[in-house]
Amino acid sequence: MPSSIFKYYLLPAGIAIIALILSLNIMPKVNLQYTGISQISRADAREIVDSFIEKSGINISDYYVDQYFLHDHNGIDFLTRTYGIEKTISMAKSEEIPLAYWQFTFYKNVPRDRQLELYAFRVSPTGKLIKFQHLLPDSASGAKLEEQQALEIAQRLASRWPAINFADYELKNASSVEQTNRTDHTFKYYHKTREYQGGHDVFQIQIAGNEVANVVSHFQEPDNFISESGLVGGANLLFNSISAIAYVILLLVSIVIFLQQYHAGLVSVRNGLKIGALIYVAYIIQAIFMWDIFGLGTQIGAIGLFHKKFVIFGFSLVTSILFIFLHIFTSWTAGDHIIRTGKLHLLGGIDGILNRRWISKNVGREIPIGIASGITIFAGIQILSLFLSNFTNAVPRLTADSLSFFSYKIIFIGALATIVFNMLFEEVVYRKFLITYLHSKYKNAAVAIIFSAIITAIIAIFFDSHHVFWPTYWSLLPYFFIALLQGFVFWRHGLLASMASNFVLKSLYVIVPLLSSAAVSYTITVYLFTALIFLALVFGLIALRSGKFITFARNDEPAHIRRIKEQTRMQKELEIAQKVQLGLLPKEKPQIEGFDIAGISYPALEVGGDYFDFISLEKGNLGIAIGDVSGKGVPAAIYMTLTKGILQSHAESNLSPKQVLSKVNSLMYRTIEKSWYVSMFYAVLDTDLKKLRFSRAGHNPAIIFHSDNREPQMLQPAGIGLGLEHGEVFTQTLVEGELQLSPGNTLVFYTDGFTEAMNENGDEFGEDRFLDILKNYSNGSAEGLLRHALNEVNQFAAKQPQHDDMTMVVLRVL
């Protein structure tokens, strides 16, 4: 047998089996869920209630009904502190005192500002009816009986009440309340021999008028227990405040990291959205199957009990669940990027699932070890709870928000949705994001796992109710222990393994207690959960045996990662191209005595096809060129670069602009694609004679402004674009002009990006508006005129994207 098989599979399996056996023996002694293990099903309890209703002649045909399973949390707290956990569980199992019950509430959906009439029933875990209540409005009519008359009615009922032996009780207290139209009497009986250090086994009857309004058997803890217990003391409040603050900080950190990565184009949101959507689905299923208890104890204005559930459900979807969705979404996405840059093996199994590579060793390796780890961690928690209960001052608690899984309409579906919800949150936020983020900061796995476990334990104080102890600081230990081991499973075996471990851990908290129930429906639930885990194990083993290891390299990695890398590569190439293009433009404006010259170019995309240049010629003369390649983007930039090289190689002082453009056209025609062409205006400035010779190859005309405010003059000699024709027609068509310059003259060379700029209404800036703004500023500096023109065009376009390159050269004669 290979040592690796024994080390990684058989040894964990053996440990898990031993751990499971230990768990089955320890959990009933240390877990307060055992104070309320129903031996009858939900349907059985309802039959008991319906039988009583039928015998009593109560009409509930137009009533809604909520039915759920509750614990007497205060009573359990008191008894656990007084007698210890094992004695408390023993008293609950024997039903010496009622500490858990099925609750059935029949009500009409009327606004709360109208007094509510309802019927309420309680059935013990073994099927005893321990409460009947008919809540009447205070204004309801009834008899005004004397106390003795009401007492006789109460005693007759008590002697027939099946849940107690009335002879064992004695009257402790009697009180009366005068209502508007009746008198209500309440009689409280204490058990004669059962006294629990200030707590009492109580049987209470209320007579409203001459009708029995309330009969209940319950445990009554001492009046001062809550105030003296410290359960609502400053330390508990401090721990919960720190816990809530820690969660908010963690949420903000995940959002900030995600936004940084998203802004840099490093992440894809597809899988994050899928996991977030799964959270919503799990929550909706959970809400459906716990609908009866939804919003229990919450009041919203005058809204009736039935409609209140919908209000709370809708509000939760857009508040608390939305925040959880946001936390999971950002944590998944941010953690995904961190892992893929250094610890890709942690996502091997989950990548196999997400990419439908079900039968792969990635999946097969993680699921079995995850299941074994979950069982082992579960046993470890039971041992830790046993240690805390017996060797420290820690007292386990069953808090008021500890939802009993018996309250689900169908335990398997409701509990499964809850387990998936909690498992996804914990593994995505605490393992995938928090551990990997801390590791990226501190470069030490042990530090990351321990620090993450500390943060997880702190947050769990406020948000988790599975492992609660008093004093509150003892609760940190089991949460830290679980987070530490789950962190180890994640780092050692992968995210899918830690998810499987967490799922099994939470499932065992349903499976093991249900083993103590005699109800057939709960036995079936145990079988379903066990079968689900077993099938996952078999599936994992098949994948391990038959599959292959998958390395998500470039060709096999998830599609969104390939897109991100491709986008990143293209972005870098475009940035390089832009730098190259801008580097080809003149870096400094010419310094020629008697002239003020400036140029500027703004591409519409990362790189563009506009071009301008200043070419130093002999005798101090200057060549001025401005061009526009048909089209935009990288191809246009390439042709622009080609044009620049050809022009500079042929621009000579003894050649006229017409001759230069003819030579450039000849080479361009043989080089560029036939669907492309370049328009250009080329001029040669004689700096001594202040003359300008120019030719125009299909480009926008140059504009000259005079100092005496005469109308602007368009320099537009004939000519066609470069590269459209091999040479003969081009040369015959091309015309050269000459212009004598005078002080105060301003020449403007430009591309059509200025005149064709559009606003949000689709209106073009236009040549008339362009001429007006140039004319109004024509006596300023060349640089100032450039900035003025750009500002005017940008204000006109506002937020409308620039759709064409904008290039301009200004020449002023001083």
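In this predicted model, 5 strands come together as an open sheet, lined up in the order E12-E13-E14-E15-E18. The pairing is antiparallel. If you're new to sheets, strands pair through backbone hydrogen bonds, and they can do that either parallel or antiparallel.

**The sheet**
- Strand E12 (610–616) and strand E18 (736–740) are the edge strands, so to find them, look for the two that each pair on one side only.
- On average, neighbouring strands of this sheet are turned by 15 degrees against each other, ignoring direction.
- Zoom in on strand E15 (residues 691–697) and you'll see that E15 and E18 pair in the antiparallel sense over 5 bridges.
- Across from Ser695 you'll find Glu736 in E18.

**Helices on the sheet**
- Helix H19 (residues 633–650) packs on the sheet and touches E12, strand E13 (622–629) and strand E14 (678–686).
- The direction of H19 makes about 20 degrees with that of E12.
- Helix H20 (residues 657–671) lies across E14, E15 and E18, and H20 runs at about 30 degrees to E15.

**Helix H4**
- Which residues of helix H4 (residues 85–94) are buried? They're Ile85, Thr88, Ile89, Met91 and Ala92.
- Look down the axis of H4 and its buried residues fall within an arc of 160 degrees, so they line one face of the helix.
- Just after H4 comes Glu95, with a positive phi of about 55 degrees.

Definitions and conventions: Residues are numbered from 1 along each chain as its sequence is written. This is a predicted model: local features need pLDDT of at least 70, side-chain atom pairs count only at pLDDT 80 or more; totals for chains, interfaces and linings use all residues. Side-chain values use heavy atoms; hydrogens and water are left out. Two strands pair if DSSP finds at least two bridges between them. Helices (H or I, at least four residues) and strands (E, at least two) are DSSP runs, numbered from the N terminus. Axes are lines fitted to C-alpha atoms, for helices over the stretch in contact, and angles run from 0 to 180 degrees between N-to-C directions. Contact means heavy atoms within 4.5 Å. Buried means under 20% relative accessible area, exposed over 50%, partly exposed in between (1.4 Å probe, protein chains only). The arc is that of the directions from the helix axis to the C-beta atoms.
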